[in-house]
Amino acid sequence: MKCPNCNSQMFITDETATTRSSVTFYRCSICISEHVSSEPVAQASNLETTDYFDTPATERKRYLMV
């Protein structure tokens, strides 16, 4: 990955992966700027198969917007 500030090559400082996302932390060796990149993990075996509209209304989660 190229640094957005000085356009030099960035190196990976840390990587974190969960069942839902993969996060990579980058740092530039020239200007010491940092960058974080995240991507969703799409695996059919880990996705929930419950369809929102197939569940009864009494069992659906309701969200309150404040």
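**Reading the salt bridge and its surroundings**

Modeller: Arg27 counts as partly exposed because its relative accessibility is 27%; buried means under 20% relative accessible area, exposed over 50%, and partly exposed in between (1.4 Å probe, protein chains only). This is a predicted model, in which local features need pLDDT of at least 70, side-chain atom pairs count only at pLDDT 80 or more, and totals for chains, interfaces and linings use all residues. Residues are numbered from 1 along each chain as its sequence is written, and side-chain values use heavy atoms, with hydrogens and water left out.

Biologist: Which side chain meets that of Arg27 in a salt bridge?

Modeller: A salt bridge is a side-chain nitrogen of Lys or Arg within 4 Å of a carboxyl oxygen of Asp or Glu. Here the partner of Arg27 is Glu34, at 2.0 Å from N to O. Glu34 is exposed, because its relative accessible area is 57%. A search of the whole structure finds one salt bridge.

Biologist: How many helices and strands does the protein have?

Modeller: Helices (H or I, at least four residues) and strands (E, at least two) are DSSP runs, numbered from the N terminus. The protein has three strands and zero helices, in the order β-β-β from the N terminus.

Biologist: Is Ser8 buried or exposed?

Modeller: Ser8 counts as buried, because its relative accessibility is 16%. Ser8 is located in the segment before β1 (10-17). Contact means heavy atoms within 4.5 Å; leaving aside residues up to four places away in sequence, Ser8 touches Met1, Lys2, Cys3, Cys28 and Ile30. Across the protein, buried residues make up 14% of the 66 residues.
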